[in-house]
Amino acid sequence: YIAGAAIGSLYGPTGVALGYSLARVVIFPASLTMVMKLIPLGKAEYYRILLPGFGSSIVMVLVAVGLRLGLNALHMPAFVTLAVTGVVSIVVYAVTLRITSPAVLTRVGRTLMRTLPGGVSRRVVQVLNSLAPMAR
C-alpha cells in the first residue's frame, strides 16, 4: 500500500488514492487465498456472505455519484457537496443493508458502540436500531 501511495503522490491527492486503490486490487487475491486457508469456508459461501454489503456498496456509490454530479451542476460549494453526499451515502448504505441483511446492520451498530465515544455511539446505535428492528 505504501508503494502505491508513494508512486501516486507524484500525481497529487488523486494519484495517491488511485495508487492505494490499485495496490489493494493487486494484494486482494493473496489476502483472499490466506483467508480461505485459515477458515473452513468455500469460496461460494464466502462470496454469498459478502453479497449484501457489496450490493449495498454498489447502490451507495451510484447514489453518491449521481448526487455529486447533480450538486456540481448546481454549482454548490465543495464543502456542501461533500457533506450532503457523505450523509446521504451513509443513510443509503444503512437502508439497503436494512433491506438486504438486517443482522449485518446490527453487527455494524455493535462495532460502532465499541469504537465511537460514548454519546456519539449511543446515538448512532439508536438510529441503526430504528432502521433494523427485525434484527434484534
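Where does leucine 74 lie? Leucine 74 sits in the loop between α3 and α4 (78-100). Before the close-ups, some ground rules: this is a predicted model, where local features need pLDDT of at least 70, side-chain atom pairs count only at pLDDT 80 or more, and totals for chains, interfaces and linings use all residues. Residues are numbered from 1 along each chain as its sequence is written, and side-chain values use heavy atoms, with hydrogens and water left out.

**View 1. Leucine 74 and a nonpolar surface patch.** Leucine 74 is exposed, with a relative accessible area of 58% (exposed is over 50%, buried under 20%, partly exposed in between; 1.4 Å probe, protein chains only). Leu74, Met76, Phe79, Val80 and Val84 make a patch of about 460 Å² (patch residues have over 30% relative accessible area and no salt bridge, with nonpolar side chains, Val, Leu, Ile, Met, Phe, Trp or Tyr, joined within 5 Å and like charges within 9 Å; a salt bridge puts a side-chain nitrogen of Lys or Arg within 4 Å of a carboxyl oxygen of Asp or Glu). Areas come from the Shrake-Rupley method with a 1.4 Å probe; for residues, only the protein chains shown count as cover.

**View 2. Glycine 19 in helix α2 (residues 12-38).** Helices here are DSSP runs (H or I, at least four residues), numbered from the N terminus. Glycine 19 counts as buried, because its relative accessible area is 13%. Leaving aside neighbours within four places in sequence, glycine 19 is in contact with Gly4 and Ala5 (contact: heavy atoms within 4.5 Å). Alanine 3 is 16 residues from glycine 19 in sequence and 7.9 Å away in space, C-alpha to C-alpha.

**View 3. Arginine 68 in helix α3 (residues 43-73).** Not counting residues up to four places away in sequence, arginine 68 touches Thr81 and Thr85. From arginine 68 to threonine 85, the C-alpha to C-alpha distance is 6.4 Å, with the two 17 residues apart in sequence.

Terms used:
Helices (H or I, at least four residues) and strands (E, at least two) are DSSP runs, numbered from the N terminus.
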